[in-house]
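These are my notebook entries on one structure.

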Amino acid sequence: MRGRWDESGYVFINKDTGKRISPDTILTWVNRVTEAAGLGYWTVHSLRHTNITALLTNNVPLFVVSKQAGHSRTQTTTDVYGHYLKTHRSVAPQIMDRIVGIKPEEPSTE
């Protein structure tokens, strides 16, 4: 294969020719998988958003997610995905309580 490789920077490359694979072919592959999984029609970009959202909602640090997403600044990630981060604000006090050893009050049975 050496000598046939096209240093184009594309992610999806034909292993025999070294040339880029058509975006339509990639979309067909993605849809075969998502349809078979019962998820319906998805785009590659939908998978990207799902991946980033899953990482953020599972407490992967913002700077790690931002770098993996290819964003040059964490602010870009925050601007696009900030609404997912806001859902964790209500959890933050509970986590801090656990860290410092404060137990939640037991509900009154009276």
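**Entry 1: the core.** I looked up the largest nonpolar core and found 6 residues: Ile52, Leu55, Leu56, Val65, Ala69 and Tyr81. Two elements each give two or more residues to this core, namely helix H2 (44–57) and helix H3 (62–69). The most comes from H2, with 3 residues. I note that the model is a predicted one. As general background, I recorded that nonpolar side chains in soluble globular proteins tend to be buried together.

I then took leucine 55 from the core and listed its contacts. Leaving aside residues up to four places away in sequence, leucine 55 touches Val60, Val65 and Gln68. Val65 is itself listed as a member of the core.

**Entry 2: threonine 77.** Is threonine 77 buried or exposed? I found a relative accessible area of 1%, so threonine 77 is buried. I located this residue in helix H4, which covers residues 74–86. With residues up to four places away in sequence not counted, threonine 77 touches Leu56, Leu62, Val65, Ser66, His71 and Gly82.

The side chains of threonine 77 and serine 66 are joined by a polar contact of 2.9 Å. A further polar contact, of 2.6 Å, links the side chain of threonine 77 to that of histidine 71.

**Entry 3: histidine 71.** I followed the second contact to its other end. Histidine 71 sits in the loop between H3 and H4. Histidine 71 counts as buried because its relative accessibility is 17%, and the cut-off for buried is under 20%. Apart from residues up to four places away in sequence, histidine 71 touches Arg48, Ser66, Thr76, Thr77 and Tyr81.

**Entry 4: threonine 76.** I looked up threonine 76, which also lies in helix H4. Its relative accessible area is 27%, so threonine 76 is partly exposed. I also noted the C-alpha separation between threonine 76 and serine 66: 7.8 Å, for two residues 10 apart along the chain.

**Entry 5: asparagine 59.** Which residue other than glycine has a positive phi near 65°? I found that value at asparagine 59. This residue is in the loop between H2 and H3. Asparagine 59 counts as exposed because its relative accessibility is 58%, where the cut-off is over 50%.

**Entry 6: the surface patch.** I searched the surface for nonpolar side chains and recorded a patch formed by Ile95, Met96, Ile99 and Val100. Together these residues have about 390 Å² of accessible area. Isoleucine 99 lies in helix H5, residues 92–100. Its relative accessibility is 62%, so isoleucine 99 counts as exposed.

**Entry 7: the whole chain.** The protein chain has 5 helices and 0 strands, and its elements run α-α-α-α-α from the N terminus on. I noted that 17% of the 110 residues count as buried. The chain exposes about 8900 Å², of which carbon and sulfur atoms supply 56%. Among contacts with a separation of 6 or more, residues 24 or more positions apart account for 16%.

Methods
Residues are numbered from 1 along each chain as its sequence is written. This is a predicted model: local features need pLDDT of at least 70, side-chain atom pairs count only at pLDDT 80 or more; totals for chains, interfaces and linings use all residues. Side-chain values use heavy atoms; hydrogens and water are left out. Patches are made of residues with over 30% relative accessible area and no salt bridge: like charges are joined within 9 Å, nonpolar side chains (Val, Leu, Ile, Met, Phe, Trp, Tyr) within 5 Å. Accessible areas come from the Shrake-Rupley method with a 1.4 Å probe; for residues, only the protein chains shown count as cover. A salt bridge is a side-chain nitrogen of Lys or Arg within 4 Å of a carboxyl oxygen of Asp or Glu. Helices (H or I, at least four residues) and strands (E, at least two) are DSSP runs, numbered from the N terminus. Buried means under 20% relative accessible area, exposed over 50%, partly exposed in between (1.4 Å probe, protein chains only). Contact means heavy atoms within 4.5 Å. A nonpolar core is a set of buried Ala, Val, Leu, Ile, Met, Phe, Trp, Tyr and Cys residues joined through side-chain atoms within 4.5 Å. A polar contact is a pair of N or O atoms within 3.5 Å; within protein, one must be able to donate a hydrogen and the other to accept it, and residues adjacent in sequence count only if both atoms are side-chain atoms.
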